[in-house]
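Dear colleague,

Please find below the structure that I am handing over to you. A summary of the findings follows it.

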Amino acid sequence: MSNPTQEQMEPDSAVYKTLLESTKAIPWKIDWSTMQFAYIGPQIEQLLGWTPESWKTADDWAMRIHAEDREAVVDFCISQSKAGADHEADYRALTRDGEHVWIRDVVHVVRNPDGSPNSLIGFMFDITERKKTEARLIELQKELEALSYRDGLTNVANRRMFDSALEVEWANAVSTRAPLSLIMLDIDYFKQYNDHYGHIRGDDCLKQVAQLLSQSATRSRDFFARYGGEEFVLILPECDEKAALQVAQRCRTLINEAALPHAKSQVSPHITISLGVTTIVPSPMDQRIAFLEQADRRLYRAKQLGRDCIAVDE
């Protein structure tokens, strides 16, 4: 069998052109010396509305990039082309009717023997749907992250978020030498409440208490969270002991005024809370854990004093 002749092996440019123009990818070529389009696929008109004839120079390409993306994309593509480096860029391309489509431009640099650019050839891909999917995934990730910092039952911040908030506010207080207050509180005789009313009613009680107590954090940086079980906590930045005591009293008043029934409480026919309050102007030598432990000890002290009260010392 004889070998195919060179003529038979020669690529058929018409076939290649048909193949290129039948794909969703949009082929193009720019001559480097003139910065003029030597070719752009007819698919461009269907995608962006601009006719192939209207793509004359690289300036036409640049001006059809969204203004917010234009400078960065153009500068990047020029620098990579001058360096002879193949590259790709994502950007919003403007349509003829003023909308935009997300494009991924994949660029190959054809170089002269001396290494300088001769021409650029590439493909434009419509990645709008991919970008929408990416945006939705980012949104879902943010929602998931937000949920990870929320208590699933009461919908207030959880212990994880409390730990993060306390770390930030502690560092701020150390650097500014400002007072930082903490209120730890819990529902009195909550085990007896659950035993008497059942866990479903107990969960509902926790939700109501959390909702009421969240109203006590009135300043933008005041932070309220469920610490665990029937225990809650308030971080009060730039708040001295006197002001913190007022917030604690507001918490107690909110719960007492709600008058949620508690038939098995030994201090009241209604739900009550016990609170421990502590304040510090922390130095770099102080420890957050000791601050937390002091608030916890004062909460325990409030229980020793008969519950339904506030303890500010041990």
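What is the volume of the largest pocket? In this predicted model, the volume of the largest pocket is about 240 Å³. Its lining comprises 18 residues, and Ile30, Ala58, Trp61, Cys77 and Leu120 are those nearest the centre. At least two lining residues come from each of β1 (26-31), α4 (58-63), α5 (67-82), β4 (100-111) and β5 (117-126). Sorted by class, the lining of the largest pocket holds 14 nonpolar, two polar and two charged residues.

I turn next to helix α9. This helix runs over residues 199-214, 16 residues in total, and spans 22 Å from its first C-alpha to its last, close to the 22 Å expected at 1.5 Å a residue. Gly202, Cys205, Leu206, Val209, Ala210, Leu212 and Leu213 are the buried residues of α9. They lie on the same side of α9 because they cover an arc of only 165° around the axis. Ile200 and Gln211, on the other side of α9, are exposed. The packing partners of the buried residues of α9 are β6 (180-187), α8 (190-197), β7 (223-228), β8 (231-237), α10 (241-258) and β9 (273-280).

Proline 269 is placed in the loop between α10 and β9. Its relative accessibility is 57%, so proline 269 counts as exposed, the cut-off being over 50%. Leaving aside residues up to four places away in sequence, proline 269 touches Leu260, Pro261, His262 and Ala263. A distance of 28 Å separates the C-alpha atoms of proline 269 and aspartate 151, which are 118 residues apart along the chain.

Yours sincerely

Notes. Residues are numbered from 1 along each chain as its sequence is written. This is a predicted model: local features need pLDDT of at least 70, side-chain atom pairs count only at pLDDT 80 or more; totals for chains, interfaces and linings use all residues. Side-chain values use heavy atoms; hydrogens and water are left out. Helices (H or I, at least four residues) and strands (E, at least two) are DSSP runs, numbered from the N terminus. The expected span of a helix is 1.5 Å times one less than its number of residues. Buried means under 20% relative accessible area, exposed over 50%, partly exposed in between (1.4 Å probe, protein chains only). The arc is that of the directions from the helix axis to the C-beta atoms. Contact means heavy atoms within 4.5 Å. On a 1 Å grid over the protein atoms alone, a cavity is a set of points where a 1.4 Å probe fits but cannot get out, and a pocket is an open set with protein on both sides within 12 Å along at least five of seven lines; lining residues have an atom within 4 Å of a point. Grid points are joined across faces, edges and corners, and a volume is the space filled by probe spheres set on the points. Ala, Val, Leu, Ile, Met, Phe, Trp, Tyr, Cys and Pro count as nonpolar, Asp, Glu, Lys and Arg as charged, and the others, Gly among them, as polar.
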